[in-house]
Structures are given as C-alpha cells and as structure tokens.
Amino acid sequence: MSIEAVPQEEEITGPVPVVAVVGRPNVGKSTLVNRIIGRRQAVVEDTPGVTRDRVPYDAQWSGRQFTVVDTGGWEPDAKDRAAAIAAQAEAAVATADVVLFVVDSTVGATDVDEAAVKMLRRSAKPVLLVANKADNQAIELESAGLWSLGLGQPYAVSALHGRGSGDLLDAILEALPEPPPITEPTERGPRRVALVGRPNVGKSSLLNRLAREERAVVDAVAGTTVDPVDSLVQIGGETWQLVDTAGLRKRAGRASGTEYYASLRTAGAIEAAEVAVVLLDASEPISEQDQRILGMVVESGRALVIAFNKWDLVDDDRRYQLEKEIDRELRRIPWSLRVNISAKTGRAVDKLAPALRTALESWETRVPTGQLNQWLTALVQATPHPVRGGRAPRVLFATQAGTRPPRFVLFTTGPLDAGYQRFVERKLREEFGFAGSPVEVSVRPRKRTGPGGRGKAHG
C-alpha cells in the first residue's frame, strides 16, 4: 500500500498530534478518514468489518499537520477476532490526542454507541461526536438527538459527499494540542559546517586548501587557532560557511584559561552548525580525545562526516591497523560518513562536498507515516519484543516527530527493552538509510491508570 507524504512546509519541533477515528461497525469511519486526508486511501466497502487494524495516515488542514488513525468497528463484549479488532480501537484511543467518535445519524444512538461512550469517558481524551451520513438537511436536524449521548455538540457531516467536513476539521484543529511556535521562513544561506578535531590534525590546513588561499594561520605548533574562524568557501560548485575551531585537548571542566574558553566556543560552533567535519590524524591511533569530540557532535544531533587527514603519511601497515581501530573505536557510529584526505597535497578533498550533501540530506529526511508503519508492522511481526515476566510490550504504531536530525516516536503498550529499541533503530537505518546523520528513537508507552485500569498514552 503506497502512502503519499504530506508536503512539509515547516519543521515540526514536536510529535505530530494523533486523531483516532472510532465507532461501531459500518458507521462510515474509513469514508470519513478518506475525506479528512483528501484522497481514497482507506479501504471502503458496505460490508461491516473491512477495517481490522489501526491504520495511520498523514493529514493536513489549514497548514496544520496531524496523523489520523482509522480503526475497526468497536463492540462491547466482542469475541474472537471482533475482540481483537475492538482492542485495536481502544489502543488507538489510548495513544490519541483527540478522538472522533462516529455515529450513524440515520440510525441514531444505539446501545453499542452508549457503551462506547463509557469507554471513551474512561480514556479522559477530548472527544468530538461526528454524526455521519447526514446527507441532507432533514437528517442533519434529526442528528440533534445525539446530544443525549452527553458528548456535547454533534458535528453533522456527510463523509461521502463532504457536507459539513470543513466545520469538523476546524473543530479538530481547535481540540488539538497547541502547535509549536512558527517562525517566519527565511531564505536559506550557505550550509554551516564546523571543522573540529584535536590540536594539529590539520583543520586550518584543510580550510586553506578548500579556500585556495591562506584564510587561517597554520603552524606546526599545536593550538594556533583559538577563536572560531568563519569562511565562505566554494566546494563542489556550492558555497559553504566553514568554521575552523580550536583544537580540543581536554574536557571543558578540566581546561583552564584560554583553552577553557576555546572549548566553549568550539562547542558553540558545533551547536550553530548543521554538519560537522571531525578531522582525525590518519597517521596516528584514534585517541580518547578523538572519541570525546565525536561524542560532542553526536550529542549535539548534528550531521557528521569524519575526515581522516594526512593520508599521504599512511602506509600499508598503518592502513591495516586503522581499519581495526575503526571497527573497534567507532563501532557506536557506523552510520558516520568517512573520507580519506590530505589537506597538504589536496588528495580527495573533492570528496568532501558529496559527503556533506549526503549527510545533510539524511539529516533532513522525513519518512511518510504510512510507509513508516507498513515497514514497522512487518518488522514487529517478524521479530516481536521478547517476553519479560510472562508479558511482552507491543509496538502499536510510530510517527516521525521531526527532522534535523530525524526523530521517531514509538507508541507502545509498555516500556521497551533498550536492546529492542536499538534493534528498531538499526533496522530503521537499514530500511531508510540516514547515512551521516544521527537518528533519535523514543518510546511513548501507554500509562496504566491503576490495577485493571484502561490504558492511557504517556505524555
């Protein structure tokens, strides 16, 4: 099943809000979902029970993006497969920010609808009552009787013909959590690149090589650069803003004087950058300080390219040793992009621009919600979470909370083992790439309200 991505006009800085569509069988939930997302994506038939699982789709209204989750028909005291379908619908309610409760306005409130209202009240989620199939004004007037359900105003709509859908979408936006503040879009300038590394690995030499002139002082004595030096440089036919930073010898907490302030300014340069090029001296063993600098970049969430400089000094023996060091010392960041260069001779410096572009593209990648969940469903079915204490938490669905770097939220029935969370991240990379970019995967477990209580999304 192919899912289209909603155009991402703005960066989303928090989890995309979730709207669950629930109701008894054959009230038109999937037709309403198609109306909301603006395309025929959810399967619709006159036969009840076509939808069985929770199926998420990307949606957008008035510039606001959200995820709408279609569910199977909910029935109380359901048995066998119907019970599993009802449990899926309740799970969707537990992880939603807003619930659309759909009722057939041509039938009115039934005993099943009233039982569903009790379930929804236990969830303590905002609920909008949707009186569907109000295809004309006469039926719309009759839907006023649904006030008796105690859920407030019934929104009379015809999901099939679109009648009243605009008012319903406006009401959904009002019920959603407050969106993050929107900043005015500005024209993007040159991409910002921080050159970082320990002293005397050749950062200033590389800057001068790329600029084709002496932009920074180069000396065999380590520590020549103290303040970050900004330069606009043409690399691969594109202008980049490079920041040459001081070499970091010690942790900021152990440094003193000039070195202390240099380390703070370097950390600030990494934070202000979009991608960092960490230079390592290929002719020397990877040091603890190299590891610390790489850790600073990873923790900052910036895209990463590792440049092994001074490749002109590397012989066959050193190359063999370096490969072993990379396997051992850099095993936690196998996703980083690596280039072997020589700032002194100019060897392979032209490979930096493609690596930077790839890392930034990964850093800004967004995976459509439908495609993400189609992959995730297959993954957890093939490799479910291990059983712990006789039970295993289930992954309900996922959404991408943002980019720069890509951030994903897993909605689950309980906390996941750290090892399983890492497994999901590793498989996520195998499927969607993200070369050169960190990826953040967090878990949003359903919180229990008490012994035997219904699940509730953990905020």
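The structure is a predicted model, in which local features need pLDDT of at least 70 and side-chain atom pairs count only at pLDDT 80 or more, whereas totals for chains, interfaces and linings use all residues. Residues are numbered from 1 along each chain as its sequence is written, and side-chain values use heavy atoms, with hydrogens and water left out. Helices (H or I, at least four residues) and strands (E, at least two) are DSSP runs numbered from the N terminus.

**Salt bridges**

- The count comes to 20 salt bridges, a salt bridge being a side-chain nitrogen of Lys or Arg within 4 Å of a carboxyl oxygen of Asp or Glu.
- One of them joins lysine 133 to aspartate 104, with the closest N and O atoms 3.3 Å apart; lysine 133 lies in the loop between β5 (127–132) and α4 (137–142) and aspartate 104 in strand β4 (residues 98–104), so the pair ties together parts that are 29 residues apart in sequence.
- In this pair aspartate 104 is buried, at a relative accessible area of 7%, while lysine 133 is partly exposed at 25% (buried means under 20% relative accessible area, exposed over 50%, and partly exposed in between, with a 1.4 Å probe and protein chains only).
- Glutamate 274 and arginine 404 also meet through their side chains in a salt bridge, at 3.5 Å from N to O; because glutamate 274 lies in the loop between α7 (257–272) and β10 (275–281) and arginine 404 in the loop between β13 (395–402) and β14 (407–412), the pair ties together parts that are 130 residues apart in sequence.
- Glutamate 274 counts as buried at 3% relative accessibility, and arginine 404 counts as partly exposed at 30%.
- Lysine 427 and glutamate 430 form a salt bridge within one helix, their closest N and O atoms being 3.4 Å apart, and they are 3 residues apart in helix α12 (residues 418–432), a separation of about one helical turn.
- Lysine 427 is partly exposed, with a relative accessible area of 26%, and glutamate 430 is exposed at 55%.
- Salt bridges with shared partners join Arg191, Glu274, Glu364 and Arg404 into one network.

**The second largest cavity**

- There are 2 cavities of 30 Å³ or more, where a cavity is a set of points, on a 1 Å grid over the protein atoms alone, at which a 1.4 Å probe fits but cannot get out, and lining residues have an atom within 4 Å of a point.
- The second largest cavity holds about 40 Å³ of space, and its lining includes Leu372, Trp375, Phe408 and Val424.
- Helix α11 (369–382), β14 and α12 each supply at least two residues of this lining, with the largest share, 3 residues, coming from α11.

**Aromatic pairs**

- The structure holds 4 aromatic pairs, counted where rings of Phe, Tyr and Trp (its six-membered ring) have centres within 6.5 Å, with planes under 30 degrees apart called stacked, over 60 edge-to-face and the rest tilted.
- Tryptophan 375 and phenylalanine 432 form an edge-to-face pair, at 5.7 Å centre to centre and 70° between the planes, which links distant parts of the chain, with tryptophan 375 in helix α11 and phenylalanine 432 in helix α12, 57 residues apart.
- Both tryptophan 375 and phenylalanine 432 are buried.
- Tyrosine 420 and phenylalanine 423 form a tilted pair, at 5.4 Å centre to centre and 40° between the planes; both lie in helix α12, 3 residues apart, about one turn of the helix, and both are buried.

Note on methods: On a 1 Å grid over the protein atoms alone, a cavity is a set of points where a 1.4 Å probe fits but cannot get out, and a pocket is an open set with protein on both sides within 12 Å along at least five of seven lines; lining residues have an atom within 4 Å of a point. Grid points are joined across faces, edges and corners, and a volume is the space filled by probe spheres set on the points.
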